[in-house]
Amino acid sequence: QVQLVESGGGLVQSGGSLRLSCVFSGPTFSNYAMGWFRQVPGKEREFVAAISWNGGSTYYEDSVKGRFTISRDHAKNTVYLQMNSLKPEDTAVYYCAAKFPGDANTAQAMGFNTKPDYWGQGTQVSVSS
């Protein structure tokens, strides 16, 4: 059974940076495309970024392009979301997600209402103005 555990959220001023981490437990990290989503109260969960199994393909929601970077480390079974130039509108609970299989098409599909197979519990990111 796959488990995802996020960390790294917190409170930061506008323009600041945070790095979120998501540790993947279970078989087998390289079989999955990984993604990050976010949700604010009263709104649907929205796609932020996704990455294919080997990191060769990455996809981003338009509002975070150029500011956020998704990456993965197979030695640590971890996916990261580096968030720079944060804005108050980035405030949300951020969720890690995994979708089988790990190819680029699957990663890209995570941005188009494809439901992931597994979710983490979420980590709060708050950006003050």
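Guide: What follows takes some labels for this predicted model and sets each against its cut-off.

Visitor: Why is the link of Cys 22 and Cys 96 called a disulfide?

Guide: The two sulfur atoms are 2.1 Å apart. The cut-off is 2.5 Å, so the pair counts as a disulfide. By this rule the count comes to one disulfide.

Visitor: What handedness does the link of Cys 22 and Cys 96 have?

Guide: The link is left-handed, with -80° about the S-S bond.

Visitor: What makes the contact of Asp 90 and Arg 38 a salt bridge?

Guide: A side-chain nitrogen of Arg has to lie within 4 Å of a carboxyl oxygen of Asp. Here the N to O distance is 3.0 Å, so the pair qualifies. Asp 90 sits in the loop between strand E8 (78–83) and E9, and Arg 38 in strand E4 (residues 33–39), 52 residues apart.

Visitor: How do you know whether Asp 90 and Arg 38 are buried or exposed?

Guide: Buried means under 20% relative accessible area. Asp 90 has 1%, so Asp 90 is buried. Arg 38 has 5%, and therefore counts as buried too.

Visitor: Which salt bridge does Asp 90 form with another Arg?

Guide: Asp 90 also pairs with Arg 67, the closest N and O atoms being 2.8 Å apart. Arg 67 belongs to the loop between strand E6 (58–60) and strand E7 (68–73), 23 residues from Asp 90 in the chain. Arg 67 is buried, as is Asp 90. Salt bridges with shared partners join Arg 38, Glu 46, Arg 67 and Asp 90 into one network.

Visitor: How many salt bridges does the structure hold?

Guide: The structure holds five. One of them pairs Lys 65 with Asp 62, with 3.0 Å between the closest N and O atoms.

Visitor: What makes Asp 62 exposed?

Guide: Exposed means over 50% relative accessible area. Asp 62 has 59%, so Asp 62 is on the exposed side of that cut-off.

Visitor: Why is Tyr 118 called partly exposed?

Guide: Tyr 118 has 22%, so the label applies. Tyr 118 is found in strand E10 (residues 118–119). Not counting residues up to four places away in sequence, Tyr 118 touches residues including Gln 1, Tyr 32 and Cys 96.

Visitor: How do you know that Gly 111 is partly exposed?

Guide: Gly 111 has 28% relative accessibility, which lies between 20% and 50%, so Gly 111 counts as partly exposed. The residue sits in the loop between helix H1 (104–109) and E10. Gly 111 and Tyr 60 are 51 residues apart in sequence, and their C-alpha atoms are 7.8 Å apart in space.

Visitor: Which residues lie closest to the centre of the largest pocket, and what is the volume of that pocket?

Guide: The largest pocket has a volume of about 230 Å³. Of the 14 residues lining the pocket, Phe 37, Arg 45, Glu 46, Phe 47 and Asn 113 are the closest to its centre. By class, the lining has six nonpolar, three polar and five charged residues.

Visitor: What classes of residue make up the lining of the second largest pocket?

Guide: The lining divides into two nonpolar, three polar and eight charged residues. The volume of the second largest pocket is about 170 Å³. The pocket is lined by 13 residues, and those closest to its centre are Arg 38, Val 40, Lys 43, Glu 46 and Glu 89.

Visitor: What form does the peptide bond from Phe 100 to Pro 101 take?

Guide: The bond is cis, with omega near -5°. Pro 101 is found in the loop between E9 and H1.

Key. Residues numbered from 1 in each chain as written. Predicted model: local features only at pLDDT ≥ 70, side-chain atom pairs only at ≥ 80, totals over all residues. Heavy atoms only, no water. 1 Å grid on protein atoms, 1.4 Å probe; cavity = no way out; pocket = protein on both sides within 12 Å on 5 of 7 lines; lining within 4 Å. Points joined across faces, edges and corners; volume = space filled by probe spheres on them. Nonpolar A, V, L, I, M, F, W, Y, C, P; charged D, E, K, R; others polar. Helix = DSSP H or I, 4+ residues; strand = E, 2+ residues; numbered from the N terminus. Buried < 20%, exposed > 50% of the residue type's maximum accessible area, 1.4 Å probe, protein only. Contact = heavy atoms within 4.5 Å.
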